[in-house]
Amino acid sequence: MDFSAFDTPRPDIDADTAELIALEQYGIEGKAQPLAGERDRNFKITAQSDVYALKVGNAGDRLDSLEAQVGAMAHALRRDPGLPIPAVVRTRDDRLTTQHRGHGIQLVSFIEGASPRSMTSMPGLRRSIGTLAGRMSRSLRGYDHPSLHRAFPWNLGRAVELTPLLEFVDPALQPLIEAVLTRMADDVIPQLEGMPKQALHGDLNLDNMVVDLADSERIVGLFDFGDMHYGPRVYELAVAAAYQCSGSEPAAAIAQVASAFHVVQPLESPEIDLLPDLVAARAAQSILMASRSSERHPDNNYYLTGDRGLMIETLQRLAGSDRAESVLRIRKACGAGSVRSRSLEEALDLRRRRLGPALSLSYDDPVRLERGDGVWLYEESGSRLLDAYNNVPHIGHAHPQVVSAVASQTGRLSTNTRYLVDEVAEYADRLAGLLPDPLGVVMFVNSGSEANDLAYQIAATVTGAPGVITTDNAYHGMTLATTAMSPEEYPETAWSSQAARIGGAALLASGSAAEQLGSEMTRASSELSERGTAAGMAIFDTVFSSEGIFELPEGFLRSARDWADANGALLVADEIQAGFGRVGPSFWGFANDSVVPDIVTLGKPMGNGYPMGAVVTTPEIAAEFASKWHFFSTFAGSPVAAAAGDAVLDVIEAEALPQNALAVGEYLRAAVRQLDRPAVVDVRGPGLFIGIELADADSAADVVNRLRRRGILIGRSGPKANVLKIRPPLVFTNQHADIVLAALAEALS
Ligand code: PMP
């Protein structure tokens, strides 16, 4: 271990000499005032218009370590120009560092601010420190210098080598410190072997930063790069967190710092898990270093032992807390997942009790999930399932473009729509561009149900007629108005009284042929007028997903359009299932019929899992509605939703997903037909929405459960629940289809 810089006295330089150095080397005339320091001499130089900090390095430090520091500062500022670190001032002859009688010299801008010392237990400050540590870490990536690899005592990885210093420490503390160092040597260091390493500032303690005088949670300056070294990146966080544990449970404080760090510079779970040990090691290291130095340099005792009490408290509290609990708490704060220890029965029981019996679970053998990736879902047990059912992860589970768009927008701004945030309107503009004229006004909501509910409010308000016409096994949502348009889900008599509450809904037979549609609609509307009401809207799920999955019959929407126009009703296309390219190559389910609806409702795949929906209508209808009614929904159309939706559109376009939906859908349908299984009555559906009709509900349920046991998720549809529903994310390929086919071939035998 190289203690030379710690054993060599601080440079014997006074304020007059500092002023002389500033003048001769930098051409700056100013007044010098001494600043604190561990082993260097630092001065504040106040010149006519600017203020600087002059560092005179310890004669025992490598001369090139100053070079490493200024190089690192410049590198970090290039990568993150807003980083609150000092700017390096060049000498008169344009060098970044210089020397004075064997001491390295560095001049940087002086950052004014208040010391955060008195605010150590403020959560806001802890988060600011975590963010700053994360930014520091991120901006130093890719930087290196030979002097960063010296045998430096403040390197956390070398704390174990400080064991001989125990003789300087209060005997009462020795066993505690020894235990921490032993764990570090035996368990922690070996685990750090394969973890990411990089250049580190290495000393985000409260003496090295200043906060805004008027906003004590805003760090405006981080300085002193004198402890820089190279090591595991998690050290940056561990060191910063170690100085934040005063006045609360260390795990709570570490969690606050770590969660903010993790947003900026995501860590892997094994790095997070070592934080309690690393913070304890930093405390031990600090106590050892301070005891040794204060013995050798009693003149600088105040500075050297300033953190002693805090470090002892941190060490003792950590020793007294349950390590596993601490790790869980920190992991949870970082969103890094928890380690569950519930049996399946316990998990089922907890769900039943707390989520209630109204919510059913899919499959005889319930799916207990941990994560998703593309078309795959991963169970707790580690086994993976091919997702051929879910349409919300439209572009694949956990798509990185959506994840990062949502994360970065959440980290920047999430508000309601009563403010001007350009990205929201830009996204609406992009969406409107994907729909035919005159559909051009986008009203954001949070779900498909809300979209249809709002469509209903618009239709009822604009036409004055409260009734609805829809198909006889439709599903359009779970709000009061939309349940009345959703006979699929509810017991018939209960549903009828629900429908009556909104003025009545009249139903068309599923699969009505286009030619009969006009007369069917007339029959349905006269049913309504017999009840003394009238239809203000007709709404269709353009892929008939709950009806058993049909392609929109040619001319169907044309007939509906004609009927609506003749009867003063609005035509609503529910694109919550069909939209965003599923029925490829078209972007929308209604698009193949060359008819423009009055209202289009969107949901499910729109945000790839981020909850959002929308109603798109014409400027004329939107204006009429606004003149009679009011609309606002707090979360709807937030900048985060817009970021998610925009990322989804980017991926759909970049990966030509509507074309893929058509190709893979056709492939799968043709292959199922070729299986030529007698159990199969019909194979149908548009794009990547495949319906396979079987004789009855029991055999369909049996196939669904068999596939689940083989690791493939599909579902059922139709009034008789006898239609297999295959509706995977649009990133499904023929290879994935082959996996489904092989399982179907067996299950249908
Ligand atoms: N319309 C259709 C066609 C749907 O399939 C659904 C959801 N299954 C909804 C509306 C309601 O959407 P959400 O569940 O997001 O409220």
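What I am showing is a predicted model, in which local features need pLDDT of at least 70 and side-chain atom pairs count only at pLDDT 80 or more, while totals for chains, interfaces and linings use all residues. Residues are numbered from 1 along each chain as its sequence is written, and side-chain values use heavy atoms, with hydrogens and water left out.

Let me turn to the strands. Helices (H or I, at least four residues) and strands (E, at least two) are DSSP runs, numbered from the N terminus, and two strands pair if DSSP finds at least two bridges between them. Strand S3, residues 51–56, pairs in the antiparallel sense with strand S2, residues 41–47, over six bridges, and a hairpin of three residues joins S2 to S3. In that pairing Thr46 stands opposite Val51 of S3. S3 also pairs in the antiparallel sense with strand S5, residues 103–109, over five bridges, with Ala53 opposite Val108 in S5. Is S3 mostly covered or mostly uncovered? It is mostly covered, since five of its six residues are buried, where buried means under 20% relative accessible area, exposed means over 50%, and partly exposed lies in between (1.4 Å probe, protein chains only).

A further sheet is open and mixed in its pairing, with four strands in the order S10-S11-S12-S22. Its edge strands, each pairing on one side only, are S10 (369–373) and S22 (712–713). Within this sheet, S11 (residues 376–379) and S12 (residues 384–387) pair in the antiparallel sense over three bridges, and Tyr378 stands opposite Arg384 in S12.

Now the nonpolar core, by which I mean a set of buried Ala, Val, Leu, Ile, Met, Phe, Trp, Tyr and Cys residues joined through side-chain atoms within 4.5 Å. The largest such core has 97 residues, and Phe444, Ile469 and Leu744 are those with the most contacts inside it. Helix H22, residues 639–654, gives the most to this core, with 10 residues, and the core draws at least three residues from each of domain 3 and domain 4.

Next, the aromatic rings. Rings of Phe, Tyr and Trp (its six-membered ring) pair if their centres lie within 6.5 Å, and planes under 30 degrees apart count as stacked, over 60 as edge-to-face and the rest as tilted. The structure holds seven aromatic pairs. Why is the pair of Phe544 and Phe550 edge-to-face? The ring centres are 6.5 Å apart and the planes stand at 70 degrees, so the pair falls in that class. Phe544 is buried, at a relative accessible area of 4%, whereas Phe550, at 26%, counts as partly exposed. Ring pairs link Phe540, Phe544, Phe550 and Phe556 into a cluster.

After H20 comes Gly568, whose phi is positive, near 65 degrees.

Lastly, the charged end of Arg150 sits over the ring of Phe152, 3.9 Å from its centre, the criterion being NZ of Lys or CZ of Arg within 6 Å of the ring centre and within 35 degrees of the ring normal.

Notes. Domains from an automatic or database assignment.
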